[in-house]
Amino acid sequence: MATAVLTPDQLDGQAARLHGTQAWQQIVTGWEHTAAEPAAAPAPGPARPSDWRGMLSVPVDRLIDDTLRALPAPPPNERPLPGRLGAMLPDRVHLWRRVGQRDLRPSDHLGYARQILAEWGWQNTPYRLRNARGARCVCGAMVSAHRLGYGSLDTVDRAGAWLITELRAQGWPGLIGPWNRCPGRTAADALALVDATIRRASLAGQ
């Protein structure tokens, strides 16, 4: 089955271009506050014991959003990944796994990319699809997840754009690859970034 070849560098560039479009900026603007604002109510009188909302310093929906963001990302619950030998094999060997697979939301695709990083390992030098042990960089894990059947190329691009959106929120101005290979970066950092992106995309319905 023919499929387009995507490299981590290409994914990084495509995700950055998508993130820079006006349409994408409209998607991510105000993603934390998708519910309608409550209508203005008359000024309340003295709070009764049952008026517990009056004792809160922040709105209830903000508390719910903060709680959801603090929860760990839900793991994917479908087919297990190939084992350690499968991690070291070329991804084209696994292309048969794409047959009959439905498309996924970006957050679901990122869940599988996270599973790849956790089970196969994370690497940051050199910036390639895998190292000798089969470990992947962040973009490499996303490319491998696609080749294993988890999401279309369009989904991978949107997942990458969500990653860049999260990086911007954390103050990183560059691409995913330079972040991944930044001196001092750790596997825990990579997993935390993917977890935060999954929560961000999930809360936005993606």
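Student: Why is Ala-192 called partly exposed?

Tutor: Ala-192 has a relative accessible area of 42%. Buried would need a value under 20% and exposed a value over 50%, so at 42% Ala-192 counts as partly exposed. Keep in mind that this is a predicted model.

Student: Where does Ala-192 lie, and how far is Ala-192 from Arg-114?

Tutor: Ala-192 is part of helix 9, which covers residues 187-203. Arg-114 is 78 residues away in sequence, while the C-alpha to C-alpha distance between Arg-114 and Ala-192 is 9.5 Å.

Student: How many helices and how many strands does the chain have?

Tutor: There are 9 helices and 0 strands, so along the sequence you read α-α-α-α-α-α-α-α-α. Of the 206 residues, 42% count as buried. The accessible surface comes to about 11100 Å², and 59% of that belongs to carbon and sulfur atoms. Among contacts between residues at least 6 apart in sequence, 75% join residues at least 24 apart.

Student: What makes helix 1 roughly perpendicular to helix 6?

Tutor: The axes of helix 1 (residues 8-19) and helix 6 (residues 138-147) cross at roughly 95° and come within 8 Å. Angles from 65 to 115 degrees count as roughly perpendicular, so helix 1 and helix 6 get that label. On the helix 1 side the contact is made by Pro-8, Leu-11 and Asp-12, and on the helix 6 side by Cys-139, Gly-140, Met-142 and Val-143.

Student: Why is helix 1 also called roughly perpendicular to helix 7?

Tutor: Here the axes cross at roughly 70°, again coming within 8 Å. The range of 65 to 115 degrees takes in that angle, so helix 1 is roughly perpendicular to helix 7. Among the residues that meet are Leu-11, Ala-15 and Leu-18 in helix 1 and Val-156, Ala-161 and Ile-164 in helix 7.

Student: How do you know that helix 6 is mostly covered?

Tutor: By counting: 10 of its 10 residues are buried, including Val-138, Ala-141, Ser-144 and Arg-147. The cover includes helix 1, helix 5 (106-120), helix 7 (153-169), helix 8 (176-180) and helix 9. After helix 6 comes Gly-149, with a positive phi near 105°.

Student: Why is Trp-122 called buried?

Tutor: Its relative accessible area is 15%, and the cut-off for buried is under 20%, so Trp-122 is buried. Trp-122 is found in the loop between helix 5 and helix 6. Cys-137 is 15 residues away in sequence, yet 5.5 Å from Trp-122 in space, C-alpha to C-alpha. Beyond four places in sequence, Trp-122 touches Cys-137, Val-138, Asn-180 and Ala-190, among others.

Student: What makes Gln-206 count as buried?

Tutor: Gln-206 has 16% relative accessibility. Since that value is under 20%, Gln-206 counts as buried. Gln-206 sits in the segment after helix 9. Leaving aside neighbours within four places in sequence, its contacts include Trp-24, Ile-27, Arg-105, Trp-162 and Ala-201.

Terms used:
Residues are numbered from 1 along each chain as its sequence is written. This is a predicted model: local features need pLDDT of at least 70, side-chain atom pairs count only at pLDDT 80 or more; totals for chains, interfaces and linings use all residues. Side-chain values use heavy atoms; hydrogens and water are left out. Helices (H or I, at least four residues) and strands (E, at least two) are DSSP runs, numbered from the N terminus. Buried means under 20% relative accessible area, exposed over 50%, partly exposed in between (1.4 Å probe, protein chains only). Contact means heavy atoms within 4.5 Å. Accessible areas come from the Shrake-Rupley method with a 1.4 Å probe; for residues, only the protein chains shown count as cover. Axes are lines fitted to C-alpha atoms, for helices over the stretch in contact, and angles run from 0 to 180 degrees between N-to-C directions. Angles under 35 degrees count as roughly parallel, over 145 as roughly antiparallel, 65 to 115 as roughly perpendicular and the rest as oblique.
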